[in-house]
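Here are some friendly notes to read alongside the structure.

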Amino acid sequence: MNKQRLLDKFRAISVEGKPLRQIYEEISSACMEEIRPDWGRRTRRTACYFSMEYLVGRAFYNNLMELGVLPEAEEIFAKKGFALSRFEEIEDAALGNGGLGRLAACYLDSAAARGLPLQGYGLRYRYGLFRQRFVAGEQVEEPEDWLAREDPWSVRREREKRRVTFADMTVVAVPYDMPVFGKTVNTLRLFQAEGSPEAEQISGFLYPPDDTDEGKLLRIRQEYFFSAAAIGEIVDKFIAVHGMHFERFPEFYALQLNDTHATFAVAEFLRILNRVHRVPLPEALEIARKTFHYTNHTVLAEALECWKEELVAQILPDIALILKQLHVFSLREWQKLGCTAEERQSMALLTDGYFSMANAAVYVARRVNGVAEMHTGILKEKLFRTAFKYYPNKFTNITNGVSQRRWLMLCNRELSALYDSRIGTGWRDDLGAIARIPADEAALSAFRAVKAEKKRQLREYIRKREGVTLLDDALYAAQTKRLHEYKRQFMTALAVLYLRFELKEGKREDFAPMVFLFGGKAAAGYRRAKEVIRFVNAVAELVAADEEVSQKLQVVFVQNYDVSYAEKIVAGTDVSLQVSAAGFEASGTGNMKFMMNGAVTVGTMDGANIEIAERAGGYNNYMFGVTAEEAELLRESYDPAAFAESNEKILRVVRMLTDGSLPGKPFEELYRATFTETYNSPDFYLCLYDLESYVDALLKVNADSRDEASFSRKQFENAIHSSFFSSDRAIEAYARKIWKLEQT
Ligand code: 26V
């Protein structure tokens, strides 16, 4: 890459009379021309990341930063009277749902930054994650038509398209390559399905509803489509260089399954080796078992994929047969290992006519990893307990991480400048260095100024986007993440109502004004999660209309929370709310982003929260609630109705669900979840049980915030001890422990 030549090209771009998008495209295309010649050649051992989701967010600023031209470009265009920040209006690809997809994006970013050869494979959805709006407090979904505009950061590779065959149709997989800039330029290759209107459906939508067989078939098609396209290509490339010496395949490739969504890749690999190249199945399997690795991202039973054999066989007969053969192999192996019938059952690839994709992935994978210490513990002791007993060496932990380039350098230039001024710029490639910044008075006062400025920017942004002005001079607490019962946004809203009663009673004279910010989408078909959104919005309305408390308490649920919104929120928040029911959040990564930007955590002993509190010091965070073990015991006898009856303060809060004191219809659905649910036990996630300890933690953080000096020290210490949560650390652990990659 020739930096001067690129800057000259920028200088030559005129902005006069051109629409915003055209300028955006011209700048982006100039960057792409520069990198084109030497991009994407691989000769070394390579890791391939198979993921259904990549939540990359806005590429523009990140790419210019990685190319080392962002400040110069800003200057060049400022001289032309054009602020590059105007591109913030341009939307970007949201080809992912949440944590898992954003993690994939951070990992690609870190691998490129560290010079590690990691190629991403996925699907190029026509429509990304829906756009969210609130109408009368309720979520309304609109299609995310991200391809309505040009996509200058992708290159269509017409000559590398290939066929993917189903029993009832053949689909053309056309690769689109997106460069991932860093010390090396890696590639994210997304396949688009073409050939017929039915074929195009396959890359039509991110996560189509799969509550019907038809929906399930589409999801299976999506999974197989991109897995098969990627495997076909990787094997072809291997053969072109190494011939048919498949036994050497694991020397050159490590294939990482990001959750079970790409487990069909294993079957496709076996199909090609065995059915096409006549490698005996046991040998092919042995090769696969040195090649594939699997990351688990959830312990929730309803999120662990099981596919009906019949459905798979209907559109992928060979693949269904191979999975069945694997099943037979595994049973034989377990017999030899001396497993009991019960143990074999718990690890089975096929039970009651369903393929367990997680069990298949565990059986084949050389390494299986969880995404935080606690989560890996649960995998070993519970979810994959038997597999751990017989294959202990498979299991390893790699705690998640986030990219400090996007989540600090891009979204918080002010904090980055503070670090530069204290220790120079070396920390940008070695985040560990920030731990050596002394938290002296000068640093703390500079930090307070940064935080105040980021809060001001956030206030301004929310005012523009939502038409709501956040309280000035208040403590900002944020819970931004996908809506799910286990994440307990419901409990936060109950806590707000609880605090409201306290304030109205005049009990909390010393309460610092506090803003509760919510952001996040509910799956379109997830009724209860949508009801929680309506509830939070109702609480927001009630509090805003209440003159007694509206200067002390504010609730705002922002619309269409996405990567770009997150960038603003993590930088402008004081208190990070991470309150999942213990035992359910595999890791969380938002928690790390807030920490990196100097927020304290109010959280439960769950996922990576535990490691955050460990590294930042327990006294700098506010942990509360029952532990996973306690919760499990408790559930055996817990009766939420009796519990509420015995506590007047809780009772008066839950009464509000149905007594008409909140705007809108009564919240019957949430009432049922709390008191009469039968799918799980009532209040399964212990929102009532943990409520008072949550309120106590909130009151404590509120009181602490009154002492500016000591509170900003807590925040700053969180920030400077966040380097462990860099995805650079995580990706290097993958490279070293799992993929055995060398760095350039
Ligand atoms: C998916 C679904 C879909 C059906 C309804 C219930 C349900 C519940 C959870 C999920 C999550 C799927 C996988 C996922 O996104 N896991 C997230 O991965 C992050 C990156 O490792 C991690 O930080 C989050 O804790 C974990 O929830």
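1. Three strands make up an open sheet, in the order β11-β13-β12, and their pairing is antiparallel. At its edges are β11 (306-308) and β12 (350-351), each of which pairs on one side only. Strands here are DSSP runs of E with at least two residues, helices are runs of H or I with at least four residues, and both are numbered from the N terminus. Two strands count as paired if DSSP finds at least two bridges between them.

2. β12 is joined to strand β13 (residues 354-356) by 2 bridges, and the two run antiparallel. L350 has F355 as its bridge partner in β13.

3. Before going further, a word on the model. It is a predicted model, in which local features need pLDDT of at least 70 and side-chain atom pairs count only at pLDDT 80 or more, while totals for chains, interfaces and linings use all residues. Residues are numbered from 1 along each chain as its sequence is written, and side-chain values use heavy atoms, with hydrogens and water left out.

4. Now find strand β2 (residues 118-123). How many of its residues are buried? The count is 6 of 6, so the strand is mostly covered, where buried means under 20% relative accessible area, exposed means over 50%, and partly exposed lies in between (1.4 Å probe, protein chains only). L118, G120 and G122 point one way from β2, while Q119, Y121 and L123 point the other way, and all are buried.

5. Strand β2 has pairing partners to trace. Strand β1 (residues 46-50) runs parallel to β2 and is joined to it by 4 bridges; C48 stands opposite Q119 in β2. Strand β8 (residues 186-194) also pairs with β2 in the parallel sense, over 4 bridges. There, L123 has F191 of β8 as its bridge partner.

6. Strand β8 also holds E194. Is E194 buried or exposed? E194 counts as buried because its relative accessible area is 18%. The side chains of E194 and R156 are joined by a polar contact of 2.8 Å. A polar contact is a pair of N or O atoms within 3.5 Å; within protein, one must be able to donate a hydrogen and the other to accept it, and residues adjacent in sequence count only if both atoms are side-chain atoms. Leaving aside neighbours within four places in sequence, E194 is in contact (heavy atoms within 4.5 Å) with R156, V171, V172, V174, A199 and E200.

7. Next come some parallel pairs elsewhere in the chain. Strand β10 (residues 292-295) and strand β14 (residues 367-370) run parallel and share 3 bridges, with R367 in β14 as the bridge partner of H293. Another 3 bridges join β14 to strand β15 (residues 395-397), again parallel. Here V368 stands opposite F395 in β15.

8. The bridge partner of A477 in β19 is V575.

9. Helix α29 includes S705. S705 counts as buried because its relative accessibility is 15%. The side chain of S705 reaches the backbone oxygen of N702 at 2.6 Å. Leaving aside neighbours within four places in sequence, S705 is in contact with L475, A512 and F711.

10. Lastly, the ligand. Which residues come nearest to it? Of the 16 residues around the ligand (a heavy atom within 4 Å), these are H297, N400, E585, S587 and G588. An oxygen atom of the ligand is 3.0 Å from a polar backbone atom of S587, and an oxygen atom of the ligand is 3.2 Å from an N or O atom in the side chain of Y486. The protein covers 78% of the 590 Å² of accessible area that the ligand has on its own (Shrake-Rupley method, 1.4 Å probe).
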